[in-house]
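Please read the following explanation with the sequence and the structure side by side. It goes from one place to the next.

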Amino acid sequence: MAVNLLLGLQWGDEGKGKIVDVLTTDYDIIARFQGGPNAGHTLIFDGYKHVLHTIPSGIFHKTAVNVVGNGVVIDPVIFKKELDNLSQFTIDFKSKLLISRKAHLILPTHRLLDAASETAKGKAKIGSTLKGIGPTYMDKTGRNGLRVGDLEMNDWQEKYENLTEKHLNMLAFHGIELEYNLVELQKEFDEGIKRLKELTFIDSEEYLNNAMKNGKSILAEGAQGSLLDVDFGTYPFVTSSNTTAAGACTGLGIAPNKIGDVFGIFKAYTTRVGSGPFPTELFDEDGATMARVGHEFGATTGRPRRCGWLDIVALKYAVQVNGVTQLMMMKGDVLSGFDTLKVCTSYTYKGEEISHFPFNIEPENVTPVYSEFKGWSEDLTKMTTKEQLPQNLLDYIEFIEKEVEVPIKIVSVGPDRKQTILR
Ligand code: GDP
Ligand code: IMO
Ligand code: MG
């Protein structure tokens, strides 16, 4: 059976956690393929709200097996906290949560290096979540990293100490004053490692390919969004992994010809947290309304998210890079009450109108060109069928489908699992 992918088409926080949870009833296995605790995936059901960072969003379903793939970076400290937060549920983690031996580990000193790097950048800082993501992926590609499988080897302690010492030298080289207590950090880390070792480690590429051969259905869960991809995002204001469809192949060991549907998630408007260009960003009352009604605060860091109109140029780009076959539109309910909605359909780039996503979208090069739509005033949050959706919303949806040439199959009208309309 083919593997379906679900990934974000904007700058993250599109609602991936919610939709993976909704779709899990149709899958045997949910597998995260990249990113780490920089992600914050929110699930709301039966009056519970949960934010997952590294654990796949299928964890609340009785039968699904959740796999943390080789492309993910794991911080044992945060991972332990995530597990502790789920203690009220009776989840058999040993059989329901499997960890790839090839996933890289975030050391306490990776977090310190992240902080030092951001401080050194000053005004040019990326706005990282400071979870150590960049330094850990740098060690991975620099061939210095430590992996989950190393925990099972005799020389783990020696490897850990060597890498930590290397990091401390790098920190000294940065010359940035950071306050930290290494003894405390290592104690916390050791406790995290101890908890992690209670879980099941697997050769995940073998596990997943065998599962496919045996007819199991797999959904691969992405983190971040396509515009944060290290190759195709708004570099250097990106994360350090491939968030796009190709990342699922390398992050799980699944061949490209095994990919089936690619579900692309986007908000009916746009948000971004952290630094970097954002052509349709609003600095007015409309942006403030989106932020207020949409509760636009980061699920991992609590930072306010920047808000703006939907950018179809960027959306088309993301659809193309990922080969999206079905779209899911989130948070349409947040736009209820706007008289007029704007959608960016092209850019003026260095004085010329273009309809593709160019090399550089900094404001000095790019100005958005907008089309306007009549808004709707109806409250969508209680609606349960597509027939109830207001005509102006349907016009908005149909316009997007025509522009992007991919059908919108799910319209989400609230954060709860139940507030999901199929088309
Ligand atoms: P993720 O990182 O892609 O999983 O998304 P986040 O969880 O970081 O952010 C999405 C936020 O929007 C969360 O607070 C969700 O509970 C919420 N949310 C998801 N879908 C909807 C929706 O359709 N309407 C509203 N109002 N909120 C939603
Ligand atoms: P989910 O999976 C939104 C952003 C950070 C920063 C940049 C680099 O919840 O959609 P990093 O910590 O990776 O070095 O940060 O990427 N970022 C996210 N923004 N949602 C996320 O994940 C993000 N993960 C990282 O804000 O701008
Ligand atoms: Mg998020």
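The paragraphs below take up a metal site, a pocket, some backbone features and a helix. The model is a predicted one.

Begin with the magnesium ion, which is ligand 3. Its protein donors are Asp 13, through OD, and Gly 40, through O, and they lie 2.1 to 2.2 Å from the ion. These two residues come from distant parts of the chain, 27 residues apart. Asp 13 sits in the loop between strand 1 (3–8) and helix 1 (16–23), while Gly 40 sits in the loop between strand 2 (29–32) and strand 3 (41–45). Is Gly 40 buried or exposed? Its relative accessibility is 13%, and buried means under 20%, so Gly 40 counts as buried. Asp 13 has 22% relative accessibility and therefore counts as partly exposed.

Next, look at the second largest pocket, which holds about 590 Å³ of space. It is lined by 28 residues, and those closest to its centre are Thr 42, Gly 294, Arg 305, Lys 331 and Pro 415. Helix 1, strand 3 and strand 4 (48–52) each give at least two residues to this lining. Sorted by class, the lining has 8 nonpolar, 10 polar and 10 charged residues.

Lys 331 also has a backbone feature to note: its phi is positive, near 65 degrees, and it is a residue other than glycine. This lysine lies in the loop between strand 15 (326–330) and strand 16 (340–349). Arg 143 likewise has a positive phi near 65 degrees. Arg 143 belongs to the loop between helix 5 (133–141) and helix 6 (156–174). With 75% relative accessibility, Arg 143 counts as exposed, because the cut-off for exposed is over 50%. Elsewhere, the peptide bond that joins Tyr 235 and Pro 236 is cis, with omega about 5 degrees. Pro 236 is placed in the loop between strand 10 (218–221) and helix 9 (245–252).

Finally, turn to helix 12, residues 391–404. Its 14 residues should span 20 Å at 1.5 Å a residue, and the end C-alpha atoms are 20 Å apart, so the two values agree. Which residues of helix 12 are buried? They are Leu 393, Leu 394, Tyr 396, Ile 397, Ile 400, Glu 401 and Val 404. Viewed down the helix axis, the buried residues of helix 12 fall within an arc of 160 degrees, which means that they line one face of the helix. Just after helix 12 comes Glu 405, with a positive phi of about 65 degrees.

Note on methods:
Residues numbered from 1 in each chain as written. Chains lettered and ligands numbered in written order. Predicted model: local features only at pLDDT ≥ 70, side-chain atom pairs only at ≥ 80, totals over all residues. Heavy atoms only, no water. Helix = DSSP H or I, 4+ residues; strand = E, 2+ residues; numbered from the N terminus. Expected span 1.5 Å × (residues − 1). Buried < 20%, exposed > 50% of the residue type's maximum accessible area, 1.4 Å probe, protein only. Arc of directions from axis to C-beta. Donors = N, O, S within 2.8 Å, 3.2 Å for Na, K, Ca; no water. 1 Å grid on protein atoms, 1.4 Å probe; cavity = no way out; pocket = protein on both sides within 12 Å on 5 of 7 lines; lining within 4 Å. Points joined across faces, edges and corners; volume = space filled by probe spheres on them. Nonpolar A, V, L, I, M, F, W, Y, C, P; charged D, E, K, R; others polar.
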